[in-house]
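Work through the exercises below with the sequence and the structure side by side, and try each task before you read its solution.

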Amino acid sequence: TAPKIKVDFNQTTGVAVMNMQSPPVNSLSLDFLTELCIAVEKLEMDKSCRGLILTSSQPKVFSAGLDIMEMYGQSPERCAEFWRAVQEMWLKLYSSNMAVIAAINGSSPAGGCLMSLTCDYRIMADNPRYSIGLNETQLGIVAPFWFKDSLVNTVGHRHAEMGLELGLLYSPSEALRIGLVDQLVPEDQVLSTATQTMTKWLAIPDHARHLSKSMMRKPTVDKLLSSRESDIQNFVSFITKDSIQKSLRVYLEMLKKRKG
Ligand code: CO8
């Protein structure tokens, strides 16, 4: 099968661009997450790689979030394996020593938003058709505490509370206003702006930036590290409930109907 992640590493600048290229919408399947984690780990171990830009090769979509088919009609064992991979993706990106910039060139709901939240800086295409947010409640599911923590750490308690309860998907300008993204640029400048911005982040001595990042993020990371297994159990028992499976089915049908 075709690779779902394409990495372009520029030796001269020390910056890697990670393109998500899993049609149609870069949904985060177990295979996708496994590939992504391996790619991040490789770059993390390469001391010459100091910056990472996350972006999408798919038109109009950064990432549609977790692959709903991984949560629908699957065995508890498979759900547990999937959830561990979601945790691993978050842990790797959120605690990366690299400067990580999200070049959000399309919609970024739920898990796509989570992935953006792990980055140090977010640049989004200024296209009102795109949206970003943790919309889990709209699917009848609930974002776990570390999704919530990532959001609180970025937009503060009040916007996180309202956004999570209502499952809000924000337009780029609303996202900028609440600080969910840091900058809006025309669609064709997202990647070039990310590259320019990276220069500024890499001008800071690595050790000082690492320690500052770690100081800000370690308590959030440690919280998940110390409760990984119970978080998996919570997910599995929640997602395999008949009522939740029914909500997911209704949502999937809505997605298909809305089409065309
Ligand atoms: N998973 C699986 N398939 C998906 C997903 C997804 N997340 N998103 C879209 N698809 C499928 C569609 O069903 C469609 O399939 P088909 O071609 O067979 O009909 C295909 O991808 C293309 O989708 P669209 O036609 O909708 O493409 P558009 O370009 O019009 O729109 C969007 C792109 C905006 C990304 C749109 O597809 C969308 O809104 N998708 C749903 C996004 C979403 O709500 N994701 C939430 C996933 S849940 C999550 O990430 C966190 C869960 C936390 C766990 C909670 C603990 C219990």
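**Backbone exercises**

Ala110 is buried, with a relative accessible area of 13%, in a model that is predicted.

**Exercise 1.** Determine whether Lys60 is buried or exposed.

*Solution.* Locate Lys60 in the loop between β3 (51-56) and α2 (76-94), and note that, although not a glycine, Lys60 has a positive phi of about 75 degrees. The relative accessible area of Lys60 is 57%, and since exposed means over 50%, Lys60 is exposed.

**Exercise 2.** Describe the peptide bond from Pro23 to Pro24.

*Solution.* This bond is cis, with omega near 0 degrees, and Pro24 is found in the loop between β2 (15-20) and α1 (30-45).

**Helix exercise**

**Exercise 3.** Describe how α2 and α9 (residues 228-239) pack.

*Solution.* The angle between α2 and α9 is about 130 degrees, and their axes are 9 Å apart, which makes α2 oblique to α9. In passing α9, α2 forms a right-handed crossing. The contact is made by residues including Phe82, Trp83 and Leu91 of α2 and Ile232, Phe235 and Val236 of α9. By type, the residues of this contact divide into 10 nonpolar, one polar and five charged.

Notes:
Residues numbered from 1 in each chain as written. Predicted model: local features only at pLDDT ≥ 70, side-chain atom pairs only at ≥ 80, totals over all residues. Heavy atoms only, no water. Helix = DSSP H or I, 4+ residues; strand = E, 2+ residues; numbered from the N terminus. Buried < 20%, exposed > 50% of the residue type's maximum accessible area, 1.4 Å probe, protein only. Axes fitted to C-alpha atoms, helices over the stretch in contact; angles between N-to-C directions. Parallel < 35°, antiparallel > 145°, perpendicular 65-115°, else oblique. Left-handed = near helix turned anticlockwise from the far one by under 90°. Contact = heavy atoms within 4.5 Å. Nonpolar A, V, L, I, M, F, W, Y, C, P; charged D, E, K, R; others polar.
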